[in-house]
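Work through the exercises below with the sequence and the model side by side, and try each task before reading its solution.

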Amino acid sequence: MDDKRHSESRAPSGLADTRSRPASTRVSDDVLLDAARSCVLDRGVRRTTLAEIARTAKVSRMTLYRRFPDVRSVLAALMTREFGTLLWQASEEGASAPTARERLVLSSVAAVRGLSSNALMRTVLDKDAELVLPYIVERLGTTQRFAEGVISSLLKEGLDDGSIRITDEAAQSRTLLLVIQSFAFSLRPAAAGVAEEKLLDELAHLLGAALRP
């Protein structure tokens, strides 16, 4: 063990023994992503810089550069963490439901509610909505793929317990993703003149009816 530490302390890598290096090299990715989140909430995505993230995290620029070479990479990691965690939390909403169909409906509605009210999502849509457009009209992003994976898993459970109708699984999971993300992106403006909870009730009814055998 002592030999390994001695060897690592000589290495130039940022992964060298942290006890022999400045405290700033011991900062976790979560601290850096928390700082990035704070910057985005304050300034928006386009006005957030690596230098500002480093200042907010109270680390050197080099410490940040070792983990994330550019703003795009740190923001991608932030979005994946933020929305991935939110989607997992939403899946817990329906964990105790007796059928996979009910679990899928409840978790989908919870995801829409959570995404629509999430401070980071609201800031991106309010200040830099054009950055979301490619993920609507051009390609699916990492978070969308992750969400589709969660949906697919619940669909398979529903096929096993007989609560979800049998059809092309890939088309079914992709369709559900499109419906759910359209609500997540548009729920706030759509709630003008219509109660948000009423819209979510209709979403639950729509999903339940579409999935029923």
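**Exercise 1.** With which residue does Arg-81 form a salt bridge, and how far apart are the closest N and O atoms?

*Solution.* Before starting, note that this is a predicted model, in which local features need pLDDT of at least 70 and side-chain atom pairs count only at pLDDT 80 or more, while totals for chains, interfaces and linings use all residues. Residues are numbered from 1 along each chain as its sequence is written, and side-chain values use heavy atoms, with hydrogens and water left out.

Step one is the rule: a salt bridge is a side-chain nitrogen of Lys or Arg within 4 Å of a carboxyl oxygen of Asp or Glu. Step two is the pair itself, for Arg-81 forms a salt bridge with Asp-30, and their closest N and O atoms are 3.1 Å apart. This pair links distant parts of the chain, with Arg-81 in helix H5 and Asp-30 in helix H2, 51 residues apart; helices here are DSSP runs of H or I with at least four residues, numbered from the N terminus. Step three is exposure, where buried means under 20% relative accessible area, exposed means over 50%, and partly exposed lies in between (1.4 Å probe, protein chains only). Arg-81 counts as partly exposed at 22%, and Asp-30 is partly exposed as well, at 43%.

**Exercise 2.** Find where the side chains of Glu-82 and Arg-37 meet, and decide whether each residue is buried or partly exposed.

*Solution.* The side chains of Glu-82 and Arg-37 meet in a salt bridge with an N to O distance of 3.0 Å. This pair, too, links distant parts of the chain, since Glu-82 belongs to helix H5 and Arg-37 to helix H2, 45 residues apart. At 13% relative accessibility Glu-82 counts as buried, whereas Arg-37, at 23%, is partly exposed. By the salt-bridge rule, the count for the model comes to 14.

**Exercise 3.** Describe helix H2, and explain why its buried residues line one face of the helix.

*Solution.* Helix H2 covers residues 29-43, and its 15 residues reach 21 Å from the first C-alpha to the last, close to the 21 Å expected at 1.5 Å a residue, where the expected span is 1.5 Å times one less than the number of residues. Its buried residues are Leu-32, Leu-33, Ala-35, Ala-36, Cys-39 and Val-40. Seen down the axis of H2, these residues fall within an arc of 155°, so they line one face of the helix; the arc is that of the directions from the helix axis to the C-beta atoms. The buried residues of H2 pack against H3, H4, helix H5 (71-93) and helix H7 (119-127), contact meaning heavy atoms within 4.5 Å. After H2 comes Gly-44, whose phi is positive, near 90°.

**Exercise 4.** Which residues does Arg-165 touch, not counting residues up to four places away in sequence?

*Solution.* Arg-165 has its place in the loop between H9 and H10, and at 34% relative accessibility Arg-165 counts as partly exposed. Under that sequence limit, Arg-165 touches Leu-159, Gln-172, Ala-210, Leu-211, Arg-212 and Pro-213. Leu-211 is also one of the buried residues of H11.

Methods:
Helix = DSSP H or I, 4+ residues; strand = E, 2+ residues; numbered from the N terminus.
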